[in-house]
Amino acid sequence: MTTSTPVTAPRPEPDAGHRAPRLAVWKFSSCDGCQLTLLDAEDELLPLAGRVEIAYFLEASRHQEPGPYDLSLVEGSIATPEDEERIRRVRADSRYLVVIGACATAGGIQALRNLADVKEYARTVYARPDYIRTLDRSRPVSDYVPVDFELRGCPIDKGQLLEVVCAFLAGRRPDIPDQSVCFACKARGTVCVTTAHGIPCLGPVTHAGCGAICPAYGRGCYGCFGPVTGARTDALLPLLRRDGLGEREIVRFYRTFNAEAPAFAAAARRAGGQDEAGERDRAGERDRAGEEDSASEHEESEGEGGAA
Amino acid sequence: MTHRSERLLGVSALARVEGEGAMRVTVRDGRVEDVRLSIYEPPRFFEAFLRGRAWTEPPDITARICGICPVAYQLTACAAIEDACGVAVHREEPGIAALRRLLYCGEWIESHTLHVYLLHAPDFLGLPDALTLARTERATVERGLRLKKAGNDLLETLGGRAIHPVNVRLGGFHRLPTGAELARLERQLTQARRDAEEALEWVGGFDFPELEIEHALLALSEPDRYAIDTGTPLAEPGGAFPVRDFERHVTEHQVAHSTALQADLDGRRHLCGPLARWNLNHRRLPAAVQAAAAGAGLGGRCTNPFRSIVVRAAEVLWAVDESLRIIADYRPPSRPHLEVPPRAGIGYAATEAPRGTLYHRYELDAEGGVRSAVIVPPTAQNQRAVESDLRDFVQARLDLDDAELTRQCEQAIRNYDPCISCAAHFLDLTVDRG
């Protein structure tokens, strides 16, 4: 799950001629915040609209063109049986498919259901849970189809989104550095909140991109951009303990906005031990799904490898 | 095909709303038989997974219910949990309360302007979107984007970022704004005031379909100011009631065609949001805003849902003025936040999100663990009113062809600025005319 590693994907060639590239924006299970980021680009929105044909962007326009699309931006996680079908159609219709945000790249906050009994969740929220159609787990798009790029964040950063869109339109790789929040903090000149004030901070293991806002506002990073490649969560553990977090708090720290990102999921398991009820449920689910092997491998490469 | 006694109109994916929904209208023998606003946004189970989290966490977590109104969720969660813990920020640190109101004004400016310019105005102009409008009226769209940016800049300065702000916490903020930051905002808002005035005048000049509908109304109210971050629920009919009684008056039901729960007010279909606030509270608006609103055609009572866009524009002008007033009166509090130590108890709060009244309740254990959470968003409350309005609206327009009737139905739905992700749900219109 490296942000900067493109995956090989089928790419229908664009039509001949000089027509504007066709952009589509899709929503799956999400809060709309990541696609809203495009509309929040107040200074860049009209110039961008002059360079691309917005062929499908339901939040912005009634006008809907059928595919194929040159670039599809996908927000949200795959959380219902309909989502599974729809994401395959979007992939087939898209030359490049870029997923945006924590939901699309890691299952999002709704992936907290993956650690629990979703039927019990449905009973908690709905009087008639039998009316609700939902998958047991909320999963990232890449679990279903090949994706060309994953842009992190809850929400994504406006500047990074514009960079990704411009890069794909220009046929080059996006310049999205694979660094931790600590780099951004240093670049911004923010005093380290952990070193100076003993504030627990996930900055060392979290992917940069937000501009290191939280430390600049005097709080620790809470990991909304998900794990950086090679996140050394083992090395951070003693610091989090020193700064006053107990096991349950550390587990919750990692299990919020990117709970199912492999490095954070592994860190939460190590911090909390294997004796939690939620863990048993989860392991049982994986056994049933026959996924144990691939899950362990993933954990190995993201967690242990990174800490070595 | 047999004789055309039945007609089915549908929008399978409603455009220019927040979230995912569908609409289906069935007409038989010249009568509207059924109207369904289906919200098929996948359920996200926030109330379920908030259980077991620490009392400090719901402000950051519930922000993720909605990318368009995260501040509404953050501030309502803070107020409800502070209520459970016995902390009254308004009384103990009025400076913090003023900054919260300023932050909320930023969200009102941003969210309302997004809706007015990018989601709703194109309907009145017969265009698919604001980007098409920009080809002929670039200055108009640029004015809207500039105003929206003023709201976002306020959010970014006070909150750290516009979507899912990071600077909000129980008891107040992590960091207070500097004098230089507030001075910069003041300059920008002074510019924005002109844009807000022009926006109000612009939407006041639109053509509004004839439609007068009476609903029961619900909005927060305060005796001496326009209520957004605090206030007492005021029902019409029914009068005021304490927020801790909210669930006794506003009850949620589940329907088979929607993942969003539907709420009613004392057993009646009701409306919250701009029209409810206008009708219950417009006398609390400053005279200058009332005068500008009157100039844009808003009378003492407004029951035409299509004019909600004018109320939104008037509320933007108010929010800009209120922001300038708060900045002018600002005295920095002695600390960025109050401590909010946990204790066992139940806390209640409601605030006015741009789309309407938002209610939270949390039950905490002695260590601050969340035992249960209840969240009633505005769109869940407005769903029955939307369905009812569409029924009358379609009935009066059965002579239109399917495409035009469908387009007008979508516009009518957008009157409510439905926040379907908030309601946990998406809009898909089908009109069955058989």
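**Leu161(A).** I started with Leu161(A), which sits in helix H6 of chain A, residues 158-170. Helices here are DSSP runs of H or I with at least four residues, numbered from the N terminus. This is a predicted model, where local features need pLDDT of at least 70, side-chain atom pairs count only at pLDDT 80 or more, and totals for chains, interfaces and linings use all residues. For my own bookkeeping, residues are numbered from 1 along each chain as its sequence is written, chains are lettered from A and ligands numbered from 1 in the order written, and side-chain values use heavy atoms, without hydrogens and water.

Is Leu161(A) buried or exposed? Leu161(A) counts as buried because its relative accessibility is 2%; the cut-off for buried is under 20% relative accessible area, with a 1.4 Å probe and protein chains only. Skipping residues up to four places away in sequence, I found Leu161(A) touching Thr37(A), Leu38(A), Leu73(A), Ile100(A), Leu151(A) and Ile156(A). Contact means heavy atoms within 4.5 Å. Leu38(A) is 123 residues from Leu161(A) in sequence, yet their C-alpha atoms are 7.6 Å apart.

**Cores.** Next I looked up the largest nonpolar core, which has 200 residues. Such a core is a set of buried Ala, Val, Leu, Ile, Met, Phe, Trp, Tyr and Cys residues joined through side-chain atoms within 4.5 Å. Leu73(A) is one of the residues with the most contacts inside this core, and so are Tyr254(A), Ile309(B), Trp318(B) and Tyr362(B). H5(B) gives the most to this core, 15 residues. Beyond four places in sequence, the contacts of Leu73(A) include Leu23(A), Trp26(A), Val98(A), Leu161(A) and Val165(A).

**H5(B) and H12(B).** I then checked H5 (residues 94-125) against H12 (residues 308-329), both in chain B: their axes come within 9 Å and cross at roughly 155°. Axes are lines fitted to C-alpha atoms, for helices over the stretch in contact, with angles from 0 to 180 degrees between N-to-C directions. So H5(B) is roughly antiparallel to H12(B), a label for angles over 145 degrees. Their contact has 16 nonpolar, six polar and five charged residues. In that count Ala, Val, Leu, Ile, Met, Phe, Trp, Tyr, Cys and Pro are nonpolar, Asp, Glu, Lys and Arg charged, and the others, Gly among them, polar.

**Ser388(B).** Last, I looked at Ser388(B) in helix H13 of chain B, residues 378-395. Ser388(B) counts as buried because its relative accessibility is 14%.

Notes
Helix = DSSP H or I, 4+ residues; strand = E, 2+ residues; numbered from the N terminus. Buried < 20%, exposed > 50% of the residue type's maximum accessible area, 1.4 Å probe, protein only. Parallel < 35°, antiparallel > 145°, perpendicular 65-115°, else oblique.
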